[in-house]
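Subject: Structure handover

Hi,

Here is the structure I promised to pass on. Please open it alongside this message; my notes follow.

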Amino acid sequence: MCGIVGIMGFMPVNHAIYDALTMLQHRGQDAAGICTIDALNCFRLRKANGLVKDVFKVRHMQQLKGNIGIGHVRYPTAGSSSASEAQPFYVNSPYGITLAHNGNITNAQELRKHLFKVGRRHINTTSDSEVLLNIFAQELDRFQQYRLEPHNIFAAVTEVHQQVKGAYAVVAMIIGHGMIAFRDPHGIRPLVLGKRKIADGRKEYMVASESVALDMLGFDLIRDVKSGETVYITEKGQLLTCQCAANSKSNPCLFEYVYFARPDSVLDKISVYSARVQMGVKLGLKIAREWKHLDIDVVIPIPETSTDIALEIARILNKPYRQGFVKNRYVGRTFIMSGRQVRVNAIRHKLNTNSAEFYNKNVLLVDDSIVRGTTSEQIIEMAREAGAKNVYLASAAPEIRFPNVYGIDMPSVTELIAYDRDVKEICEIIKADALIFQSLEDLIEAVREQNPDIKQFECSVFNGIYVTEDIDEKYLHHIHVLRNEGNKFIANQNVTENLELHNEG
């Protein structure tokens, strides 16, 4: 999962993109990048591993000149996490194109071979985003005039949709033309469009992964970019749109609402906060109906995605709601950290117990989801160490039994605690006294309550149904291998860093 942003304006955009990326930092902590186009029609690019605040210093911001720019925060799902994989990527031909992407291309391996065989285009990284950029560039290269017309750009994206499979929300810039944004035909990954008026009455436009980035910069949310739609904002500030995918469908990722998106964002006309409140209502009613025998003294959320969910559960059960865990806000989201051992170490640094809320009590812990089980097991252990008599755990999401192939870090079934296990077995592994999962039907109903027009969500991690209809065991094995190679790279990188530190000492 990554975060993308693009601004087409009439004033310098470097600081605005920086601020937007800080609002999207929760979507990726591995790397960050900004690319602008200056007055001489040259790309100005800065990207590196690290958080936004660490990647961009004053000297970098001063170099990022221009009134149009795009940005990216990276969260790797497979392959290398080298700085060379950071986005945006760019190609010099044709015109000069730079691109940032959120999602995962499921046929990237085939496209990579095709690009070299047909277009003699070399892909220099393991990133599927670089593949996507070169496919787009290859299609634009078919037009032999210097000045691209809007219908040329829309035709190129149409061809991209016909070749590229998977999930992708994209923002790109073409030198001398403007900014382009498009979304895959299923609309799996989110992308919103906003505008604001400046003092002289002209309009500036912005696209971002979440509406919260628009809010901070004073952009009004126009709407979501539709599934299969392309948005083109010319360098003169004209907004043009076109539906570029035949038979497009709206299948937004359900896990965005469960975990990834900020609660103050609105995605596909659904308030993330309101969706989580409804998750709590559904789960609270289930506990009241099916788990009456549990003697619950207190309801405690596992910070912080589940706080709104836990509040509703406590209200329905008529039990006290308490903040039993204190969160260190200077530790990142453990789910999206690279490597199991890093996540394990981070949990104790991230959370500390308020012992008074656990001692001699039967505690109902509430979490948004259970993925690997690592966090759940440790947190239950912490609750017992704080004096809890019994520890029950409720999950606002169903069991995650299948790998994700659309940009979430769940590519290998061997890492999923619910794979090939029933609820009783999972409960025993994490050492809970009771384990309660939300049903998939209730979760879908909770999320789509605000937008009944969405007929189907992308929820493959729960039911194993992949909406792109191109996933087989061969592909799942392929991404499992990529995942392992990525972990080896991280381990080798850590060894190298440790040796360097030792030598310096």
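**The second largest cavity**

The second largest cavity is lined by Arg183, Gly187, Ile188, Arg189, Pro190, Pro252, Cys253, Glu256, Tyr257, Leu267 and Asp268. By class, 6 of these lining residues are nonpolar, 1 is polar and 4 are charged. The space inside is about 30 Å³. Searching the whole structure turns up 2 cavities of 30 Å³ or more.

Keep in mind that this is a predicted model.

**Confidence**

The average pLDDT for the protein is 91. Of the residues, 91% score at least 70. Residues 488-505 are another matter: pLDDT there is below 50. Beyond near neighbours in sequence, that stretch makes 6 contacts in the model. Where pLDDT is low, predicted coordinates should not be read in detail.

**The parallel sheet**

What is the strand order in the open sheet of 4 strands? It runs β16-β19-β20-β21, with parallel pairing. β16 (298-301) and β21 (434-437) are the edge strands. Each has a single partner strand, so one side of each is left without a neighbour in the sheet. On average, neighbouring strands are turned by 20° against each other, direction ignored.

Now the pairing of β16 with β19 (residues 362-367). These two strands are parallel and share 4 bridges. Pro301 has Val366 in β19 as its bridge partner.

Two helices belong in this picture. Helix α10 (residues 307-317) lies across β16 and β19. Its direction is at about 140° to β19. Helix α12 (residues 374-385) also packs on the sheet, where it touches β19 and β20 (390-395). The direction of α12 makes about 145° with that of β20.

Strands of a sheet pair through backbone hydrogen bonds, either parallel or antiparallel. Which sense applies to β12 (residues 229-234) and β13 (residues 239-243)? They run antiparallel, joined by 5 bridges. Ile233 pairs with Leu239 of β13 as its bridge partner. The hairpin has 4 residues between the strands. Gly237 in this hairpin takes a positive phi near 95°.

**Where to look**

Go on to Gly237 in the hairpin of β12 and β13. Then view α10 lying across β16 and β19. Finish at residues 488-505, with pLDDT below 50.

Best wishes

Notes: Residues numbered from 1 in each chain as written. Predicted model: local features only at pLDDT ≥ 70, side-chain atom pairs only at ≥ 80, totals over all residues. Heavy atoms only, no water. 1 Å grid on protein atoms, 1.4 Å probe; cavity = no way out; pocket = protein on both sides within 12 Å on 5 of 7 lines; lining within 4 Å. Points joined across faces, edges and corners; volume = space filled by probe spheres on them. Nonpolar A, V, L, I, M, F, W, Y, C, P; charged D, E, K, R; others polar. Pairing = 2+ DSSP bridges. Axes fitted to C-alpha atoms, helices over the stretch in contact; angles between N-to-C directions. Contact = heavy atoms within 4.5 Å. pLDDT = per-residue confidence, 0-100.
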